[in-house]
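Open your viewer and get ready to click. This tour tells you what to select, one stop at a time.

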Amino acid sequence: MEDSTYGILAGHGAGMTVAALIDDRFHFDRTLADYSIYELSEVLTILDQMAAVNQQ
């Protein structure tokens, strides 16, 4: 999970799944993020979804 353009770029460049924490105060670029979330707790849902896909 990242909250900056550079963090998203780094995670994406490393081949990681990236969730961008939305914070409209800073207007950072989230286009390379796999997910955009408003709260940290949303990561649990993403992890559940990823686990379900990996079990198929």
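The stops below run through a predicted model.

**Stop 1: the core.** Select Ile 8, Val 18, Ala 20, Phe 28 and Ala 33. These 5 residues form the largest nonpolar core. In soluble globular proteins, nonpolar side chains tend to be buried together.

**Stop 2: Phe 28.** Stay with this member of the core. Which residues does Phe 28 touch, not counting those up to four places away in sequence? Select Asp 3, Ser 4, Thr 5, Ile 8, Ala 20, Leu 21 and Asp 23 to see them.

**Stop 3: the salt bridge.** A search of the whole structure finds 1 salt bridge. Is Arg 25 buried or exposed? Arg 25 is exposed, because its relative accessible area is 64% and exposed means over 50%.

**Stop 4: a surface patch.** Now select Tyr 6, Leu 9 and Leu 32. Together they make a nonpolar surface patch of about 340 Å². Leu 32 sits in the loop between strand 1 (19-21) and strand 2 (35-37). Leu 32 is partly exposed, at 34% relative accessible area.

**Stop 5: Tyr 35.** Move on to strand 2, where you will find Tyr 35. Tyr 35 is partly exposed, with 27% relative accessibility. Leave aside its neighbours within four places in sequence: Tyr 35 contacts Thr 17, Val 18, Ala 19, Ala 20, Ile 46, Gln 49 and Met 50. Tyr 35 and Ile 22 are 13 residues apart in sequence, and their C-alpha atoms are 9.9 Å apart in space.

How values were computed
Residues are numbered from 1 along each chain as its sequence is written. This is a predicted model: local features need pLDDT of at least 70, side-chain atom pairs count only at pLDDT 80 or more; totals for chains, interfaces and linings use all residues. Side-chain values use heavy atoms; hydrogens and water are left out. A salt bridge is a side-chain nitrogen of Lys or Arg within 4 Å of a carboxyl oxygen of Asp or Glu. Buried means under 20% relative accessible area, exposed over 50%, partly exposed in between (1.4 Å probe, protein chains only). Patches are made of residues with over 30% relative accessible area and no salt bridge: like charges are joined within 9 Å, nonpolar side chains (Val, Leu, Ile, Met, Phe, Trp, Tyr) within 5 Å. Accessible areas come from the Shrake-Rupley method with a 1.4 Å probe; for residues, only the protein chains shown count as cover. Helices (H or I, at least four residues) and strands (E, at least two) are DSSP runs, numbered from the N terminus. A nonpolar core is a set of buried Ala, Val, Leu, Ile, Met, Phe, Trp, Tyr and Cys residues joined through side-chain atoms within 4.5 Å. Contact means heavy atoms within 4.5 Å.
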